[in-house]
Each structure stands twice: as structure tokens, then as C-alpha cells.
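Dear colleague,

I am passing on the structure we spoke about, and below it I have set out what was found. Please keep it open while you read.

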Amino acid sequence: MQKIMIMAMEPLKSQLEEKLRFQFDVESIDIPNNGICEIRANQKRDWITICRFSSSENLRNILTMFEVNYELKIRNSRS
């Protein structure tokens, strides 16, 4: 199972973990208020940033951005 790391504030971090835990091995890190949130994936022993977003971003938009970027970055790193 692919490992991902969610770096976000509560409650967004918990919501993302809940949505993604069935597809990925999820780790999470709390960040300070108003920090830049990220989702990273472990690819070939390196953590690559899949997407960055604001803590005020809509959950649906974050998940869409993650899915699109994940497919593009993982496909490109396999080549």
C-alpha cells in the first residue's frame, strides 16, 4: 500500500485521513495555524509533494487536486 503523509490542521487533517485511509497508508503531522498544508507521497524512498493547499480550502477541492496530481506525479516518476 502506498504511503502518504498529510500535513494539516485539525479538523481538516482528520477529514482527509478518513477519506484516504482506505486507499493509502496514511501518516499525519499537525502544523501551526495558518500554515501551508501539504499531502506527500513516498516514492522510491523519497517524499514528493503531491499538493499544497490552504487550511480554509474546500475538502472536495483538495481531494480532486490530490487525485489529479497523484496520478500525474506517480506516472511521471515511474518513467
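Glu 38 has its place in strand E3. Before going further, please bear in mind that this is a predicted model. Is Glu 38 buried or exposed? Its relative accessible area is 6%, and because buried means under 20%, Glu 38 counts as buried. The side chain of Glu 38 makes a polar contact of 2.6 Å with the side chain of Arg 52. If neighbours within four places in sequence are left aside, the residues in contact with Glu 38 are Met 5, Ile 6, Met 7, Thr 49, Cys 51, Arg 52 and Phe 53.

Two of these residues lead on to other parts of the model. Phe 53, for which residues up to four places away in sequence are again not counted, touches Leu 12, Leu 16, Ile 36, Cys 37, Glu 38, Ile 39, Ile 62 and Met 65. Phe 53 is also among the residues with the most contacts inside the largest nonpolar core, which has 23 residues, and the others named with it are Ile 4, Leu 16, Leu 20, Ile 39, Phe 66 and Tyr 70. Two or more residues of this core come from each of E1, H1, strand E3 (37-43), strand E4 (46-53) and helix H2 (59-78), and H2 gives the most, with six residues.

Ile 6, for its part, stands opposite Ser 28 in E2. Strand E1 (residues 3-8) and strand E2 (residues 25-30) run parallel and are joined by six bridges, and together with helix H1 (residues 12-20) they make a right-handed β-α-β unit.

With best wishes

Conventions
Residues numbered from 1 in each chain as written. Predicted model: local features only at pLDDT ≥ 70, side-chain atom pairs only at ≥ 80, totals over all residues. Heavy atoms only, no water. Pairing = 2+ DSSP bridges. Helix = DSSP H or I, 4+ residues; strand = E, 2+ residues; numbered from the N terminus. Right-handed = clockwise from strand over helix to strand, strands pointing away. Core = buried A, V, L, I, M, F, W, Y, C linked by side-chain atoms within 4.5 Å. Buried < 20%, exposed > 50% of the residue type's maximum accessible area, 1.4 Å probe, protein only. Contact = heavy atoms within 4.5 Å. Polar contact = N/O pair within 3.5 Å; in protein donor to acceptor, adjacent residues only side chain to side chain.
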